[in-house]
Amino acid sequence: MRRPLISYLPDWTLDWLEIIVPGVQILLILLVAWVLQHMLRRLVNRAGEHYQLPMELTMPLKGFLRWTIMIAALMLVLERLGVSATVLWTAFTGFATVGAVAFFAAWSVLSNLFCAFLIFTVGPFRRGDSIELLDTAEKPGARGRVIDINLLYTTLEDSNAGSAGTLLQIPNALIFQRVVRRWKGGEPARPATPETPAVQAATETLAS
């Protein structure tokens with residue numbers, strides 16, 4: 001019958017096995033977590049370069065992945081140190097409950113973040129385009145040139161007469177609730193407003 005592996009070890013190592021084995025396991029957990037984090041970071045960077053995703057999107061994604069891996073590795077390390085699985089599960093469920101409450105409390109902010117992700121990936125418009133938000137196809141709304149897109153707002157340079165230099169900050173979630181009229185690369189010139197007969201007569205008088 002085969003002898004167990006522990007019987008081949010020197011006698012002085014037997015007292016250290018309870019420390020050496022968990023220590024090696026913890027080192028392996030940390031090593032796997034570091035390798036996994038490094039691989040996912042490179043994957044996100046390559047996806048960002050391939051799909052031309054902005055830094056405003058890739059940086060939070062890498063942060064989310066990093067913290068997820070760190071929390072998972074921490075729970076595994078605590079389990080190797082002898083913390084009860086019941087305690088860990090209770091702590092996890094409590095954290096998940098708090099996270100769910102915070103999720104619903106910050107729903108408006110999170111919806112803007114999700115809509116920003118859709119704007120960056122789907123590309124309904126880009127910086128430099130001119131857009132107009134319409135409640136219906138006939139009713140005019142906010143109109144201007146897109147000068148910035150971040151995780152919460154899309155900023156327009158107002159193109160309405162008399163509002164030169166005015167900036168409009170529109171929540172990203174609102175854009176997906178409206179009809180969007182888009183002009184790629186700029187906005188066409190607005191048609192001239194027809195003059196009334198009184199204005200035409202005054203213009204002719206001044207010209208004579």
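Tutor: Contact here means heavy atoms within 4.5 Å. The model under discussion is predicted, so local features need pLDDT of at least 70 and side-chain atom pairs count only at pLDDT 80 or more, whereas totals for chains, interfaces and linings use all residues. Residues are numbered from 1 along each chain as its sequence is written, and side-chain values use heavy atoms, with hydrogens and water left out.

Student: What covers the buried residues of helix 5?

Tutor: The cover includes helix 3 (55-80), strand 2, strand 3 (153-158), strand 4 (167-171) and helix 6 (172-175). These elements are DSSP runs numbered from the N terminus: helices are H or I with at least four residues, and strands are E with at least two. The chain has seven helices and five strands, and along the sequence they follow the pattern α-α-α-α-α-β-β-β-β-α-β-α.

Student: Which residues of helix 5 are buried?

Tutor: They are Ser111, Asn112, Cys115, Ala116, Ile119 and Phe120. Buried means under 20% relative accessible area, exposed over 50%, and partly exposed in between, with a 1.4 Å probe and protein chains only. Of the 208 residues of the chain, 22% count as buried.

Student: What makes the span of helix 5 close to the expected value?

Tutor: The expected span is 1.5 Å times one less than the number of residues. Helix 5 (residues 107-122) has 16 residues, and the distance from its first C-alpha to its last is 22 Å, close to the expected 22 Å. Gly123, with a positive phi near 70°, follows the helix.

Student: Why is strand 1 called largely enclosed?

Tutor: Strand 1 (residues 130-134) has five of its five residues buried, so the rest of the structure largely encloses it. Both faces are covered: Ser130, Glu132 and Leu134 are buried on one side, and Ile131 and Leu133 are buried on the other. In a regular strand the side chains alternate between the two faces of the sheet.

Student: What makes up the largest nonpolar core?

Tutor: A nonpolar core is a set of buried Ala, Val, Leu, Ile, Met, Phe, Trp, Tyr and Cys residues joined through side-chain atoms within 4.5 Å. The largest has 12 residues, among them Leu57, Phe125, Ile131, Leu156 and Ile175. Helix 5, strand 1 and strand 2 each give two or more residues to this core, and helix 5 gives the largest share, three residues. Apart from it lies another core of six residues, including Ile26, Ile29, Ala73 and Val77.

Student: Why is Gln177 called exposed?

Tutor: Gln177 has 55% relative accessibility, so it counts as exposed. Gln177 lies in the loop between helix 6 and strand 5.

Student: How do you know that Arg182 forms a salt bridge with Asp129?

Tutor: A salt bridge requires a side-chain nitrogen of Lys or Arg within 4 Å of a carboxyl oxygen of Asp or Glu. For Arg182 and Asp129 the closest N and O atoms are 2.9 Å apart, so the pair qualifies. Arg182 lies in strand 5 and Asp129 in the loop between helix 5 and strand 1, so the pair ties together parts 53 residues apart in sequence. Asp129 is buried at 6% relative accessible area, whereas Arg182 is partly exposed at 31%.

Student: Which residue forms a salt bridge with Glu132, and how far apart are the closest N and O atoms?

Tutor: Arg181 does, with its closest N and O atoms 3.3 Å from those of the partner. The two residues, Arg181 in strand 5 and Glu132 in strand 1, are 49 residues apart. Glu132 is buried, at 4% relative accessible area, while Arg181 counts as partly exposed at 35%. Glu132, Arg143 and Arg181 are linked in a network of salt bridges, and the structure holds five salt bridges.
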